[in-house]
Amino acid sequence: MVTAVRHLGPNWYACVMGTAIVATAGVALPVHLPGLRPICAAVWLLSLALLLVLLCARALHWHHHADQARAHLLDPATAPFYGCLAMALLAVGGGALTVGRYWIGTTAAVALDAVLFTAGTAVGLAAAVAVPYLMAVRQHAEPRQATPVWLLPLVAPMVSAALGPLLVPYLPAGQPRETLLLACLAMFGLSLLATLLMLPLVFARIVTGGPLPLALTPALFLVLGPLGQSTTAVGKFADVAPGVVPAPYSQGFAVLAVLYGVPVMGFALLWLGLATAHVVRARRHGMRFSMTWWAFTFPVGTCVTGAETLARHTGLVVYDWLATGLYAALVAAWATAAAHTARGVVSGALLAGPRPVPVVLRPATARTTSGAVR
């Protein structure tokens, strides 16, 4: 067991995120399918179990393979995945209130969410500062290395912003509720502005540097995360604002939910089309399964919750259809990624270290006095 976790990186928390979002997005669907709620609750319990297993495995990793853990922190391709730890904690915590309370009760769900939200927010804010700092000071990242993975630590506070409002009604009325709501709004701004600074680097890398390596191509879907999650966040603000903040501001949150959410969801659909085209190209060129395929789950799930929010605040049926269609794609992506991951864990292929690149010797050549090669 100790040897098996040596190469277990923080990217594995994406499994937890992708599983939890299937549950939380499914329970809020406008289409009421028989048995959907119990299925979503079971999926949430699976995400909780995965979180506990991974927390234990990662603790073993840090204890027995500290050298590898430090190497991950100093690697610009791996360090951003520490944002996934925060988002996994937050996603499971949010699922406790939206889905899990039907199984474990409201009191236990509130307590569990409060613990996971506090821990996830603390880790997310730390990652949002520490990872960019390490990239600048220790990792010496270059523009040509930019990938959507760089967004991960910056998106974590946005997940806190979107899920924090779930706890607002359970706080004492007055300043405690208003403080939490405005703290979520502050994290919304923190994450949004940081994403707007980082996203041009990613887009410029893709346009000027050519397509990403085949294994990294699914990471293009990560850009959907801050888009869908921010749309969800402003909708959640509008849901809980009445009675928490004064009337002019509560009405302003309702306006923001539509005026911000509609154009951002439009850009999300544009990026979804672009990312899908890149994935189709990569698949044709031989892209095989890797853990980056989990990028097809949580980011798409945030677009589902964003569309559900817009459907609720605009009353437009088109957003109901959009949420349902995206959720069908989410379930298909999750089932595919989960099946391949389970197969890779059982076979040991996903837990093995990186394979050495074979060295191919080129045939020796000689150049004549005339300059010709023979």
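A cavity is, on a 1 Å grid over the protein atoms alone, a set of points where a 1.4 Å probe fits but cannot get out. Grid points are joined across faces, edges and corners, and a volume is the space filled by probe spheres set on the points. The structure is a predicted model, in which local features need pLDDT of at least 70 and side-chain atom pairs count only at pLDDT 80 or more, while totals for chains, interfaces and linings use all residues. Residues are numbered from 1 along each chain as its sequence is written, and side-chain values use heavy atoms, with hydrogens and water left out.

By these criteria the structure holds 1 cavity of 30 Å³ or more, and the volume of the largest cavity is about 50 Å³. Its lining (residues with an atom within 4 Å of a point) consists of Met-17, Met-87, Leu-152, Val-155, Leu-222, Gly-225, Pro-226, Phe-298 and Pro-299. Two or more lining residues come from each of α6 (152-163), α8 (224-240) and α10 (298-314); such helices are DSSP runs of H or I, at least four residues long, numbered from the N terminus. The lining comprises 8 nonpolar residues, 1 polar and no charged, where Ala, Val, Leu, Ile, Met, Phe, Trp, Tyr, Cys and Pro count as nonpolar, Asp, Glu, Lys and Arg as charged, and the others, Gly among them, as polar.

Helix α1 (residues 13-27) has 15 residues and should span 21 Å at 1.5 Å a residue, which agrees with the 22 Å between its end C-alpha atoms. The expected span is 1.5 Å times one less than the number of residues. Because 14 of its 15 residues are buried, α1 is largely enclosed by the rest of the structure; buried means under 20% relative accessible area, exposed over 50%, and partly exposed in between (1.4 Å probe, protein chains only).

The cysteines come next. A disulfide is a pair of cysteine sulfur atoms within 2.5 Å, and the structure holds 0 of them. The sulfur of Cys-84 has its closest cysteine sulfur in Cys-15, 9.6 Å away and too far for a bond. For Cys-303, the closest is that of Cys-84, at 16 Å, again too far. Cys-84 is buried at 2% relative accessibility, as is Cys-303 at 5%.

Arg-288, by contrast, is exposed at 71% relative accessibility. Arg-288 lies in the loop between α9 (247-284) and α10. Leaving aside residues up to four places away in sequence, Arg-288 touches Arg-283 and Trp-293, contact meaning heavy atoms within 4.5 Å. Between Arg-288 and Leu-201 there are 87 residues of sequence separation and 26 Å in space, C-alpha to C-alpha.

Note on methods. On a 1 Å grid over the protein atoms alone, a cavity is a set of points where a 1.4 Å probe fits but cannot get out, and a pocket is an open set with protein on both sides within 12 Å along at least five of seven lines; lining residues have an atom within 4 Å of a point.
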